[in-house]
Amino acid sequence: MPQQPRSSYFEANLQLDIIPPPANQSPINVLVFFHGLGDTKHAFAQLAQQLKLPETVCICLQAPSPLPFDLGGFHWGDDITFDQSAETMDYDTGFEKSCRVIRREIIEKVLIEKCQYKARDILFFGFGQGGMAAIAATLNFKDVLGGVVSIGGPLPSSSLHTKGDERKNQTPVTVLGGASRSLITQSALTNLKRVFQVVEYVKWPREGDGMPRNREEMLPVMKFLAQRLRSRTGVPEDATEII
């Protein structure tokens, strides 16, 4: 039986919040949250508490690099570039540094080696650039993860070149975005399906890729989590899982 991760298990330079499952349940799933560009680990803390996912511990990560010029907030990219035409920061600037930290310092050393979770027990949930980081990090694992939810976060361009063969990643992915002014374009979906075996796309009938605004928009996320999160409710403590 895996044990719940504690803040003390992680390196001191890693900033994260841990939200335990409700009612002192034993967590057999881990849902890792990746905030958007320019935000902090606190962005998803309230959502993680409101979800009250049974038998699931939530970990809200903070991106490793602060934004420049005292802008506040953090980013997942290897660099910062500005799109002068749109007067915005570029989301897709490489994720090698973030992926290395996520894979080794968080997933492998703590969740798998120390807490005894299996890769299948671990799911990612990202928004915007955080969704891109979650997708990139998934491709850094040889084992199949529980699943990925990406809101407005397409496949990073660098991840198109990570596969040297035609074998697709088996981790299920759900991507969500608006009907217009969305980063989840048809070409973005095509790229995702070139790399992942199972890709579900949810197009909201609205503009932009913001977070879900109501129950209807959140429902596909909850369905995906319900399908992918495991449960031992009603299973005897000494039962053996057969895979």
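I start with a term: buried means under 20% relative accessible area, exposed means over 50%, and partly exposed lies in between (1.4 Å probe, protein chains only). My model is predicted, so local features need pLDDT of at least 70 and side-chain atom pairs count only at pLDDT 80 or more, while totals for chains, interfaces and linings use all residues. Residues are numbered from 1 along each chain as its sequence is written, and side-chain values use heavy atoms, with hydrogens and water left out.

**Entry: charged pairs**

I searched for salt bridges (a side-chain nitrogen of Lys or Arg within 4 Å of a carboxyl oxygen of Asp or Glu). The whole structure has 10 of them.

I looked up Lys109 and found a salt bridge to Glu105, with the closest N and O atoms 3.3 Å apart. Both residues sit in helix α2, 4 residues apart, about one turn of the helix. Helices here are DSSP runs (H or I, at least four residues), as are strands (E, at least two), numbered from the N terminus. Lys109 is partly exposed at 30% relative accessibility, and Glu105 is partly exposed at 23%.

Next I checked Glu217, which meets Arg206 in a salt bridge (2.8 Å, N to O). Glu217 belongs to helix α5 and Arg206 to strand β11, so the pair ties together parts 11 residues apart in sequence. Both Glu217 and Arg206 are buried.

I also noted a salt-bridge network linking Arg103, Arg104, Glu108 and Glu113.

**Entry: nonpolar core**

A nonpolar core is a set of buried Ala, Val, Leu, Ile, Met, Phe, Trp, Tyr and Cys residues joined through side-chain atoms within 4.5 Å. The largest one has 43 residues, and Phe34, Leu61, Phe124 and Phe196 touch the most other members.
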